[in-house]
Amino acid sequence: MKLSQFKFKLPEELIAQYPARYRDESRLMVINRKDGSISHAVFKDIINYFDDKDIFIFNDTKVFPARLYGNKEKTGAKIEVFLLRELNQENRLWDVLVDPARKIRIGNKLYFGEDDSLVAEVIDNTTSRGRTLRFLFDGTHEEFKETLYKLGETPLPRYITRPVEPDDEERYQNIFAKNEGAVVAPAAGLHFSRELLKRMEIKGIEYNFLTLHSGLGNFREIDVEDLTKHKMDSEQMLVTPELVSFVNKAKDENRKVCAVGTSVMRAIESTVSTDGHLKPYDGWTNKFIFPPYDFTVATSLVTNFHMPLSTMLMMTSAFGGYELIDQAYDIAVKEKYRFGAYGDAMLIL
């Protein structure tokens, strides 16, 4: 497959700037791979497509307030710092992106907060935009993180062009988010409300969790036409023995296994054995899935409507079939489905 095969015209007004009023009341497009049919529903009706003992796998990663605004010493130039990951807890070292990158050099100090309550020093230039910062802070690690996160804001994707609002802190987070480390919310999970999870339990639909800390690599532009030459950024993930036995039992009993989101799909396909069973895994994955690809664990996928040329669209196409997903996206644009993290959802059966 070529990069250009995933280009389509997306009217700007279809990129959702706000979430649906209620999590489980966004629209749901249902795609059946067996007969090629495409139908329309409301998200909370997703349980109608599953039965007692079928299972869902969620990503319980938690988004942290990764975007900060500071000022450069002497010049006072405004600098955006995007926290990627903590490198060293004791020395307060963080891997970050800075913008504008050209203004930042090793040794520069950056000041954050109205009273410059937090100071960071640039100690390494790792890539053209990436940097390592050492935060200068005297308190405990807990006090430092509290100060850092108080200054940070919810890292909404760039295609959400409005300012961040207080509600985003809750809505750009899954209700079951637990393990902190993501800078991108696993958006398919945003549609699940407490009421919907309760209705799933009543119907006998079971669910469990893995952790994959979604990073900015999801939004990095692909700069090669030949997709086999694209390298994904690595993301940290954890598949526990508990989840493994949960999923493998369902597989052995021939029950439906639904992956909620492309991050879950990447994680389970990163740790599947040749006999189609999951294995425990604690490490990193840079797996890039695009058509054609043989999936071995999940029988269905919940995902949002993705941006043109994105790796998430490519994985969706690999699971649903390129022609069928291409047709579904044409319909989504015509029917004015909402795209992006705060948009509508698709269920591929």
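How much space lies in the second largest cavity? I looked it up and found about 80 Å³.

**Ground rules.** I am working on a predicted model, where local features need pLDDT of at least 70, side-chain atom pairs count only at pLDDT 80 or more, and totals for chains, interfaces and linings use all residues. Residues are numbered from 1 along each chain as its sequence is written, and side-chain values use heavy atoms, with hydrogens and water left out.

**Cavities.** I searched the whole structure and found two cavities of 30 Å³ or more. By cavity I mean a set of points, on a 1 Å grid over the protein atoms alone, where a 1.4 Å probe fits but cannot get out; lining residues have an atom within 4 Å of a point. Points are joined across faces, edges and corners, and the volume is the space filled by probe spheres set on them.

**Second largest cavity.** I listed its lining: P19, A20, R23, S26, R171, L190, H191, A341, Y342 and G343. I sorted these residues into five nonpolar, three polar and two charged. My classes: Ala, Val, Leu, Ile, Met, Phe, Trp, Tyr, Cys and Pro are nonpolar; Asp, Glu, Lys and Arg are charged; the others, Gly among them, are polar.

**Largest cavity.** This one holds about 90 Å³ of space. Its lining consists of Q5, F6, K7, F8, L313, S317, Y322, I325, D326, Y329 and D330. Helix 6 (311–320) and helix 7 are the elements that give two or more residues to this lining. Helix 7 supplies the largest share, five residues. By class I count six nonpolar, two polar and three charged residues. Helices here are DSSP runs (H or I, at least four residues), numbered from the N terminus.

**I331.** I then turned to I331, which sits in helix 7 (residues 322–334). The cut-offs are under 20% relative accessible area for buried and over 50% for exposed, with partly exposed in between (1.4 Å probe, protein chains only). Leaving aside neighbours within four places in sequence, I331 is in contact (heavy atoms within 4.5 Å) with M29, I38 and H40. I331 and I38 are 293 residues apart in sequence, yet 9.1 Å apart in space, C-alpha to C-alpha.

**Helix 1.** In helix 1 (residues 141–151) I noted H141, F144, K145, L148 and Y149 as the buried residues. They lie on the same side of helix 1, because they cover an arc of only 120° around the axis. I took the arc from the directions from the helix axis to the C-beta atoms. The face turned away from that buried side carries the exposed residues E142, E146 and K150.

Conventions: 1 Å grid on protein atoms, 1.4 Å probe; cavity = no way out; pocket = protein on both sides within 12 Å on 5 of 7 lines; lining within 4 Å.
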